[in-house]
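Please keep the sequence and the structure in view while reading.

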Amino acid sequence: MFFRLASADLNGDGMLDLVAGHNAGGDFAVFFGLTDGGLSTPTVYAYDTLALAIGDVDGDGHPDVVVGGESSIQVLLNDGTGALTLAGTTATGQETNGLAIGGVNGDGKGDVLASENNYPSVPAELFLSQGHGKLAAPITLPSASGTLYGGVLIGDINQDGLNDMVTDSADQTQLLVFLNQGDGGFMSTLYPAPAAPAVILVPRPDAGPDLVVGNGSGADWGYGDGGLQLLRNLGEGTFEVEPLASSSALFLAVGDFNGDCIPDVVASRWEQCGTGVVLNVSYGLRDGGFGEPVALSAPMGPAGVAVLGEVSHPSAIAVADYCGAGIVVYGDASRH
């Protein structure tokens, strides 16, 4: 009963590996990507895992794994072979619903942005890395909620060499973009992209990256069905909001699934096993937009999604089946 997925090359072989967390917490599993497109037998780590992210926390060049549970965040450092060792635990006092990793203060180490749930207050907090897997006391982001399902992101949005942050607003009706000023401060801007349980960067070769934002999972989860939002990057970290022809999504991933060297987006929404099933690919267009979503033959309960394949060209899709099938892998989408 996996729920959340993330991928990165943990063992340095050029293939993306998969980290999968169970919805009930308790543990997560690491699957190494194989050259034939399959996955290895999993290695299981017994840590409370309601949220997870992959990134280089200690600055040694190897992607580490950070997991969040009901009251703490754990940092597990990677030795370069994909073997993980617990290096630090930071108390949160609240349930962690989303995590992102990226260096925001220029010290070469990955900091951790966490979305936490303590209804009706749902803060987003930044934990600066102190090295060796240790995190400093949290900094609460002003006006940020983080969202119930963890739509937080760290990345260089305005291409100035500094990582910025994205999260939901406190009233969950707008998206907050925090531009890194390079002096320890951030400038925030609001955009009308309500209820963002998922947000991803879509790279563009001729401009700064765009954002694609998921908009909930239907009335059962209290979000409505407003579809995806594309935030086109206008330069210098400003965006124009454009609705996409797709249903809402709790989980998003980006890759090139049809081999045309244009980023595509896969969106997954789960409500109940066998009902409300949505698993779509929106293929990227040369003008930066996306075509009509193409439905994939979904498992009973598609939940988290991630990309697999070669690091330089991720073209396969991994889907967590909440309803019991484990991990379902779709090869190059042109073969569907």
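Rings of Phe, Tyr and Trp are taken as a pair if their centres lie within 6.5 Å, and planes over 60 degrees apart count as edge-to-face. The model considered here is a predicted one. With that definition in hand, one may turn to the aromatic residues.

The structure contains five aromatic pairs. One of them joins Phe-3 and Phe-251 in an edge-to-face arrangement, with 5.2 Å from centre to centre and 90° between the planes. This pair connects distant parts of the chain, since Phe-3 belongs to strand 1 and Phe-251 to strand 23, 248 residues apart. Tyr-322 lies in the loop between strand 28 and strand 29, whereas Phe-3 lies in strand 1, so the contact ties together parts that are 319 residues apart in sequence. Tyr-322 is buried, as is Phe-3. Taken together, Phe-3, Phe-251 and Tyr-322 make up one aromatic cluster.

The nonpolar interior comes next. In soluble globular proteins, nonpolar side chains tend to be buried together. The largest nonpolar core of this model has 30 residues, and those with the most contacts inside it are Leu-5, Leu-18, Val-266, Ile-317 and Ile-327. Several strands each supply at least two residues of this core, including strand 1 (2–8), strand 2 (17–22), strand 23 (251–255), strand 28 (313–321) and strand 29 (326–330). Leaving aside residues up to four places away in sequence, Leu-18 touches, among others, Leu-5, Ala-6, Val-30, Phe-31, Leu-39, Leu-308 and Ile-327.

Strand 9 and strand 10 (residues 111–117) run antiparallel and are joined by seven bridges. Within this pairing, Thr-96 has Glu-116 of strand 10 as its bridge partner.

Charged side chains complete the account. How many salt bridges does the structure hold? There are three. In one, Lys-109 is joined to Asp-107, with 3.5 Å between the closest N and O atoms; Asp-107 is partly exposed, with a relative accessible area of 32%. Another brings together the side chains of Arg-204 and Asp-210 at 2.7 Å, N to O. Here Arg-204 counts as buried at 12% relative accessibility, and Asp-210 is buried at 4%; the cut-off for this term is under 20%. A further salt bridge links Arg-232 with Glu-242, again at 2.7 Å, N to O. Because Arg-232 lies in strand 21 (residues 229–235) and Glu-242 in strand 22 (residues 238–243), this pair ties together parts that are ten residues apart in sequence. Glu-242 counts as partly exposed, at 26% relative accessibility.

How values were computed
Residues numbered from 1 in each chain as written. Predicted model: local features only at pLDDT ≥ 70, side-chain atom pairs only at ≥ 80, totals over all residues. Heavy atoms only, no water. Salt bridge = Lys/Arg side-chain N within 4 Å of Asp/Glu carboxyl O. Buried < 20%, exposed > 50% of the residue type's maximum accessible area, 1.4 Å probe, protein only. Helix = DSSP H or I, 4+ residues; strand = E, 2+ residues; numbered from the N terminus. Pairing = 2+ DSSP bridges. Core = buried A, V, L, I, M, F, W, Y, C linked by side-chain atoms within 4.5 Å. Contact = heavy atoms within 4.5 Å. Phe/Tyr/Trp six-rings, centres within 6.5 Å; stacked < 30°, edge-to-face > 60°.
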